Amino acid sequence: MSFVCHFDILFDCFLKDAMEYTAFFDINKAYLSKKEAVNLEAMANLIKKYPNEKFVITGYADKQTGSAEFNNKLSKLRAEAVYNTLVDKFGVDGNQLTIDYKGGVDTMYQNDSKLSRAAVVKLVK
């Protein structure tokens, strides 16, 4: 019986370490695809499981397209799209979430600019 309890504690620790999701967007767009909305449901369920934890949603845009002003606005809209989906569609408590945005960035992943068209949901540690 104690093994199960320890396993539960380890599993919760693992989940908290893994609580990050990246939602990708089409170029110059700030709406979530159906696939991304479905994937966010799993993240929403994890967030709701830990009501005392806080999460930050950070929006990004790739630097290769659009002006700095446009990319700043776009990255904010992407973070808001994820926030609104989590709260309005999946019932996450908005008080658990904060929004941040970074504007245009060179690259986030694998030197591929299209992978910078994203919003990242991450546990605040």
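Reader: Let's start with Val-87: how does this residue count by its relative accessibility?
Author: In this predicted model, the relative accessibility of Val-87 is 21%. Buried means under 20% relative accessible area and exposed over 50%, with partly exposed in between (1.4 Å probe, protein chains only). At 21%, therefore, Val-87 counts as partly exposed.

Reader: Good to know! What pLDDT do local features need here?
Author: Residues are numbered from 1 along each chain as its sequence is written, and side-chain values use heavy atoms, leaving out hydrogens and water. Totals for chains, interfaces and linings use all residues, side-chain atom pairs count only at pLDDT 80 or more, and local features need pLDDT of at least 70.

Reader: Which residues does Val-87 touch, apart from those up to four places away in sequence?
Author: Val-87 has its place in helix α3; helices (H or I, at least four residues) and strands (E, at least two) are DSSP runs, numbered from the N terminus. Its C-alpha atom is 8.5 Å from that of Ala-44, 43 residues apart along the chain. With contact meaning heavy atoms within 4.5 Å, Val-87 touches Val-92, Gly-94 and Leu-97.

Reader: Now the helices: at what angle do α2 and α3 pack?
Author: Two packed helices are described by the angle between their axes and the distance between the axes. The axes are lines fitted to C-alpha atoms over the stretch in contact, and angles run from 0 to 180 degrees between N-to-C directions. For α2 (residues 34-49) and α3 (residues 68-89), the axes are 10 Å apart and the angle is about 65 degrees.

Reader: And which residues of α3 make that contact?
Author: From α2 come Ala-37, Leu-40, Ala-44 and Ile-47. On the α3 side, the contact is made by Val-82, Thr-85, Leu-86 and Lys-89.

Reader: Which residues have the most contacts inside the largest nonpolar core?
Author: Such a core is a set of buried Ala, Val, Leu, Ile, Met, Phe, Trp, Tyr and Cys residues joined through side-chain atoms within 4.5 Å. The largest one has 22 residues, and those with the most contacts inside it are Leu-40, Val-82, Leu-86 and Val-121.

Reader: Finally, what pattern does the protein follow along its sequence?
Author: Its secondary structure comes to three helices and four strands. Read along the sequence, they follow the pattern α-β-α-β-α-β-β.
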